[in-house]
Amino acid sequence: MKLLLKQLISIICLVAIFPFIILFYCFKGVANADSLIASFSQFLSLVPGKLGSYLRANFYRVTLNHCSPFAFIGFGTIFSHQDTKIEEGVYIGPQGNIGKCQIEKDCLLGSGVHILSGKSQHNISDLDIPIREQGGVFQRIVIGENSWIGNGAIVMANVGKQCIVAAGAVVVNDVPDYAIVAGNPAKIIKMRND
């Protein structure tokens, strides 16, 4: 019964958000898709409560590469890349900033989590050219199944499955499966499968 009710609410929210989806695809012909995702994301992030989460998830299920209609996407959370995948059972807390990534099944992201699109977004090698004009490379970051990223963590490398990233940690290197990491830069403090 609960699943049926969730599906009904999801359909209602999809119908309610449909004008925004049409507007997104109308503008997509003349504007950069990532800029559009960021703009619509900023606007939709301001709708509070569970209703806001359902509206956002249903907008993203049509505009991102993939988004489960039952993902929870908290108030104030914004996305910056269309090439993003959000799987079933994902919880993204409020005030997050989500770059180019794949968040696998049953992951939990606390409040204020930032997932950057890798650590090479800005080239810095030429001192005669402003950093903003040097370009860079966006990398898809993968957060493995059933991992938990604590409040305020910054993630710029892959996190394996069944991992825990402590609150405030800064992940700059790939985290292996089952690891618990903390600190800046994040270091393994324990393995969950030991």
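What share of the contacts in the protein chain with a separation of 6 or more comes from residues 24 or more positions apart? The figure is 31%, with contact meaning heavy atoms within 4.5 Å. This is a predicted model, so to speak a computed one throughout: local features need pLDDT of at least 70, side-chain atom pairs count only at pLDDT 80 or more, and totals for chains, interfaces and linings use all residues. Residues are numbered from 1 along each chain as its sequence is written, and side-chain values use heavy atoms, leaving out hydrogens and water.

On overall shape, the 194 residues would give a radius of gyration near 16 Å as a compact globule, and the protein chain agrees at 17 Å (taken over C-alpha atoms; the globule rule is 2.2 Å times the number of residues to the power 0.38). Three helices and 16 strands make up the tally of elements, where helices (H or I, at least four residues) and strands (E, at least two) are DSSP runs numbered from the N terminus. As for burial, 40% of the 194 residues count as buried; buried is under 20% relative accessible area, exposed is over 50%, and partly exposed is in between (1.4 Å probe, protein chains only).

The unreviewed UniProt entry annotates residues 7–25 as "transmembrane region", though such annotations may be inferred rather than shown by experiment. In the model that stretch is 100% helix and 0% strand, with its end C-alpha atoms 24 Å apart.

His-81, in the loop between β3 (78–79) and β4 (85–86), is buried at 8%. Its partners, again skipping residues up to four places away, include Asp-34, Leu-64, Lys-100 and Phe-138.

Asn-184 and Pro-185 are joined by a cis peptide bond, omega about -5°, and Pro-185 falls in the loop between β15 (179–182) and β16 (187–191). Gln-95 is not a glycine, yet has a positive phi of about 65°; it lies in the loop between β5 (91–92) and β6 (97–98) and is partly exposed at 47%. Asp-106, also not a glycine, has a positive phi of about 60°, in the loop between β7 (101–103) and β8 (108–109), with 34% relative accessible area.
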